[in-house]
Amino acid sequence: MFSLGLGKKTTILLWLSVVFFFAAPGTEILAQKKFSKTYPASKNVRLQLTNRTGTVNVEGWNRDEISISAYMEAPAANIVPQNLSGTIVINLIKDNEGRGEVGNVNFSIKVPYTTMVDIETRIGNLTVNSINSGLVRAHISSEGDITLTNISAAAVSAENVMGDIFFDGEIRREGNYRFASNKGAINIRIPFESSFKLMATAPSTRSISLGAFSGGNMTFIGDGRRVVGKSSDGSATITVTNQRGTIAFIRR
Amino acid sequence: MNCEHCQEYISAFLDNDLDEKISAGIQAHLAVCADCAKVCEDFAAILDMCHTEETAAAEVLPPNSQALWCRINNIIESEIQPLQAEVKKEEEPKRGFARMWQLSFGQVAAGMIIIGIVSSLLTIVGIRNYSTPSGVDGTDAASQTLFEKVLGKMGLVETPIQARERKIKEQQAAIDYWNKRVEARRAQWDKNLREAFDRNLHEIDQTVAEYTQILQENPQDELSGEMLDSTLNDKMELLREFSDL
């Protein structure tokens with residue numbers, strides 16, 4: 001048997017310390033509960049999720065099913081998803097009504113590309129990636145960042161009080177896009193040939209950067225606090241409001 | 001023949017409509033009775049006067065009493081008409097004054113049309129003030145038309161500033177309500193949640209204070225009014241959403 005010439009007691013102590021070293025982080029893992037469930041989904045499925053505190057990540061995939069995974073910090077929240085006529089509804093506020101302290105719940109959800117996504121959380125970050133549908137709505141009641149990437153939707157709404165908002169996607173004709181924050185940076189990355197009417201307001205900082213979209217059709221009004229105008233034939237509508245932050249447009 | 005019988009027949013006696021016997025008796029009585037003789041004299045005088053009027057007038061008097069009464073009526077009416085004409089002349093100034101209020105159909109129709117137009121304009125201005133979002137292009141309250149300004153000064157329509165103040169009061173009432181709900185739930189939150197809520201609320205309150213100060217200095221700044229309205233709505237939403245935690 002392999003031996004370093006150590007005594008029996010010393011060997012046992014060494015093995016025990018190795019075991020405790022690897023087991024210690026496991027206490028945290030054991031304290032986190034996991035919820036996992038998969039639902040079959042039609043093409044026009046809708047995901048409606050209301051979280052208390054925690055993050056929500058939604059990603060589109062090429063499967064006709066919705067996979068929900070949630071990691072719950074202690075004290076663990078109750079999660080009771082419902083499937084109501086093609087809408088997957090998860091409402092942690094309602095499912096934990098009357099409970100005092102409830103730990104963070106961090107969701108990781110995979111949905112078909114064409115899913116209409118409507119997610120909100122009281123505190124935490126929201127991320128939506130690779131969605132091509134009619135609606136993407138991301139609402140944070142207080143603080144958190146919103147990141148919407150590779151989005152092609154007819155209606156997009158992203159709002160928070162404190163935090164950044166980043167949108168990277170397409171502007172569909174006659175679509176409606178709304179971004180609102182009280183403090184943080186709003187960055188919008190869209191194709192140069194996008195057709196939209198714009199009203200962007202940054203009353204406190206007056207920092208509105210149009211980048212490649214500046215030009216004769218865009219006008220600064222109200223002492224530079226607001227920009228109104230249109231790009232191309234002004235088909236879609238983009239409304240951006242950042243009370244005490246900045247707004248920037250980036251060419252995709 | 002007594003006086004009663006005599007006076008009964010005097011008229012016929014004077015008209016020679018009595019037979020000889022009665023006529024002789026009346027003559028005998030008149031010879032001895034002064035009263036009946038006096039009556040006979042009076043009747044005779046009336047007859048003489050009638051005969052005189054007859055000869056003086058060109059027309060022939062009707063033989064019967066009914067025709068006589070008709071003639072008397074005509075004379076009376078002809079005398080009354082001038083008097084009535086004088087009375088009418090005195091009343092004409094009053095009627096002229098009353099005539100002012102007697103309007104023709106065209107005048108009434110024109111008046112109703114004018115009233116309808118004014119009512120419609122007031123309604124349009126009122127609806128416009130209520131529904132049109134203010135400050136969409138950042139212009140200030142000078143964009144109000146002269147007509148709207150006049151109506152605003154008369155108190156018939158709400159000015160944009162008055163509308164804004166009214167809405168702020170309504171929003172503040174709602175905020176107070178949700179604030180109470182939050183205070184009732186706050187004790188159940190953990191420390192992180194409480195701190196995050198206070199941080200965000202403070203951020204919004206700072207924004208509200210900024211716009212309030214701007215509007216005190218320049219009440220006509222509709223963009224700031226719009227932003228204040230939006231911020232107050234955000235505050236209401238924050239309180240409402242945290243009230244159910």
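**Reading the terms for chains A and B**

Modeller: In this predicted model, residues 134-142 of chain B have pLDDT under 50 throughout, and 23 contacts beyond four places in sequence are modelled for the stretch.

Biologist: What should be done with coordinates where pLDDT is low?

Modeller: Where pLDDT is low, the predicted coordinates should not be read in detail. The 23 contacts of residues 134-142 of chain B belong to a stretch with pLDDT under 50.

Biologist: Where in chain B is confidence highest, and where is it lowest?

Modeller: Helix H9 of chain B has the highest mean, 96, and helix H4 (residues 65-99) of chain B has the lowest, 70. Chain B as a whole averages a pLDDT of 82, with 81% of its residues at 70 or more. The model's ipTM is 0.86 and its pTM 0.68.

Biologist: Why are H8(B) and H9(B) called roughly antiparallel?

Modeller: The angle between helix H8 (residues 191-217) and helix H9 (residues 222-242) of chain B is about 160°. Roughly antiparallel requires an angle over 145 degrees, so H8(B) is roughly antiparallel to H9(B). The axes of H8(B) and H9(B) are 9 Å apart, and their crossing is left-handed.

Biologist: Which residues of H8(B) and H9(B) meet?

Modeller: From H8(B), the residues include Phe197(B), Leu201(B), Ile204(B) and Tyr211(B). From H9(B), they include Met227(B), Leu228(B), Leu238(B) and Phe242(B). By class, this contact of H8(B) with H9(B) counts 12 nonpolar, six polar and two charged residues.

Biologist: Is Gln172(B) buried, exposed or partly exposed, and how do you know?

Modeller: Gln172(B) has 13 other C-beta atoms within 10 Å. Buried needs 20 or more and exposed needs 12 or fewer, so Gln172(B) is partly exposed. Gln172(B) sits in helix H7 (residues 160-186) of chain B. The C-alpha atoms of Gln172(B) and Met236(B) are 8.6 Å apart, although 64 residues separate the two in sequence.

Biologist: What makes up the contact between the chains?

Modeller: Chain A gives 24 residues and chain B gives 24 residues. On chain A, strand S2 (46-53), strand S8 (116-123) and strand S16 (226-231) each supply at least two residues of the side that touches chain B. By class, that side of chain A has seven nonpolar, nine polar and eight charged residues.

Biologist: How many helices and strands are in chain A?

Modeller: Chain A has two helices and 18 strands. Among its 252 residues, 40% count as buried. Of the contacts in chain A with a separation of 6 or more, 57% join residues 24 or more positions apart.

How values were computed
Residues are numbered from 1 along each chain as its sequence is written. Chains are lettered from A and ligands numbered from 1 in the order in which they are written. This is a predicted model: local features need pLDDT of at least 70, side-chain atom pairs count only at pLDDT 80 or more; totals for chains, interfaces and linings use all residues. Axes are lines fitted to C-alpha atoms, for helices over the stretch in contact, and angles run from 0 to 180 degrees between N-to-C directions. Helices (H or I, at least four residues) and strands (E, at least two) are DSSP runs, numbered from the N terminus. Angles under 35 degrees count as roughly parallel, over 145 as roughly antiparallel, 65 to 115 as roughly perpendicular and the rest as oblique. A crossing is left-handed if the near helix is turned anticlockwise from the far one by less than a right angle, and right-handed if clockwise. Two residues are in contact if their C-beta atoms, placed from the backbone, lie within 7 Å. Ala, Val, Leu, Ile, Met, Phe, Trp, Tyr, Cys and Pro count as nonpolar, Asp, Glu, Lys and Arg as charged, and the others, Gly among them, as polar. pLDDT is the predictor's confidence in each residue, from 0 to 100.
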